[in-house]
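Biologist: I would like to learn how to read the features of a structure. Please take me through one.

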Amino acid sequence: MEYIFCYFLFMRIKKEIILIFLFFIISSTCYGKEVPFTLEDRDRIIRMEAKLSEIDKRFEQIDKRFEQIDKRFEQVGRQIDQLFNFLWILAVIFSSITAATIGFAIWDRRSMIRPFEVKTREIEERIKDLDEKKIKNLVESLREIAKADSKVADALKKFNLL
């Protein structure tokens, strides 16, 4: 920031020096008489040109410094872009790991439930394989037992089998 301030300060000083120089030229011509150009005036102009060239050199140095600062800003901008790219890559990796974990959990649950499904199907097939005759024989035998045991009779009445 101080470089910017110095740059504008030198620009303003340069303008003021030129304005003062013009003021002296204009004010010297306002008087009616002609002032001869002396050796001292020539030396002043030479010194003034030397000072102006020094100021120009300083401005060039300041311009070079600004170019260096601009390059540094570009480097910082590139580093920020690289950081954002890295963050995007991390987000994608995290999302992939999360999706893979959820997929594995679902697959594991299904593979764990399959044996129970198989056993349930086997039991259903066994029940279907039973003859109605076997079931009728079972109910008849329970009715015979119910004649002797009142608890069995109550149970059969409860399910409308007696």
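Biologist: Is Asp41 buried, partly exposed or exposed?

Modeller: Buried means under 20% relative accessible area, exposed means over 50%, and partly exposed is in between, with a 1.4 Å probe and protein chains only. Asp41 counts as partly exposed because its relative accessibility is 22%.

Biologist: What should I know about the model before going on?

Modeller: This is a predicted model, in which local features need pLDDT of at least 70 and side-chain atom pairs count only at pLDDT 80 or more, while totals for chains, interfaces and linings use all residues. Residues are numbered from 1 along each chain as its sequence is written, and side-chain values use heavy atoms, leaving out hydrogens and water.

Biologist: How many helices and strands does the protein have?

Modeller: Helices (H or I, at least four residues) and strands (E, at least two) are DSSP runs, numbered from the N terminus. Here the protein has four helices and zero strands, and its pattern along the sequence is α-α-α-α.

Biologist: What share of the residues counts as buried?

Modeller: Of the 162 residues of the protein, 6% are buried. Accessible areas come from the Shrake-Rupley method with a 1.4 Å probe; for residues, only the protein chains shown count as cover.

Biologist: What share of the contacts joins residues 24 or more positions apart?

Modeller: A contact means heavy atoms within 4.5 Å. Among contacts in the protein with a separation of 6 or more, 61% are between residues 24 or more positions apart.

Biologist: How many salt bridges are there?

Modeller: A salt bridge is a side-chain nitrogen of Lys or Arg within 4 Å of a carboxyl oxygen of Asp or Glu. The count by this rule is five salt bridges. One of them pairs Glu40 with Arg44, with the closest N and O atoms 2.5 Å apart. Both residues lie in helix H2, four residues apart, about one turn of the helix.

Biologist: Which other residue forms a salt bridge with Arg44?

Modeller: The side chain of Asp41 does, at 3.6 Å from N to O. Arg44 and Asp41 are three residues apart in helix H2, also about one turn. Arg44 is partly exposed because its relative accessible area is 43%, and Glu40 is partly exposed because its relative accessibility is 47%. Another salt bridge links Asp43 and Arg42, whose closest N and O atoms are 3.9 Å apart. Through shared partners, salt bridges join Glu40, Asp41 and Arg44 into one network.

Biologist: How many aromatic pairs are there?

Modeller: Rings of Phe, Tyr and Trp (its six-membered ring) pair if their centres lie within 6.5 Å; planes under 30 degrees apart count as stacked, over 60 as edge-to-face and the rest as tilted. The count is one aromatic pair. Phe104 and Trp107 form it, and it is tilted, with 5.8 Å centre to centre and 35° between the planes. Phe104 is exposed because its relative accessible area is 51%, and Trp107 is exposed because its value is 54%.

Biologist: Which residues form a nonpolar patch on the surface?

Modeller: Patches are made of residues with over 30% relative accessible area and no salt bridge: like charges are joined within 9 Å, nonpolar side chains (Val, Leu, Ile, Met, Phe, Trp, Tyr) within 5 Å. The nonpolar patch includes Ile80, Phe84, Trp88 and Ile97, and its residues together have about 1000 Å² of accessible area. Trp88 belongs to helix H2 (residues 39–129) and counts as exposed because its relative accessibility is 61%.
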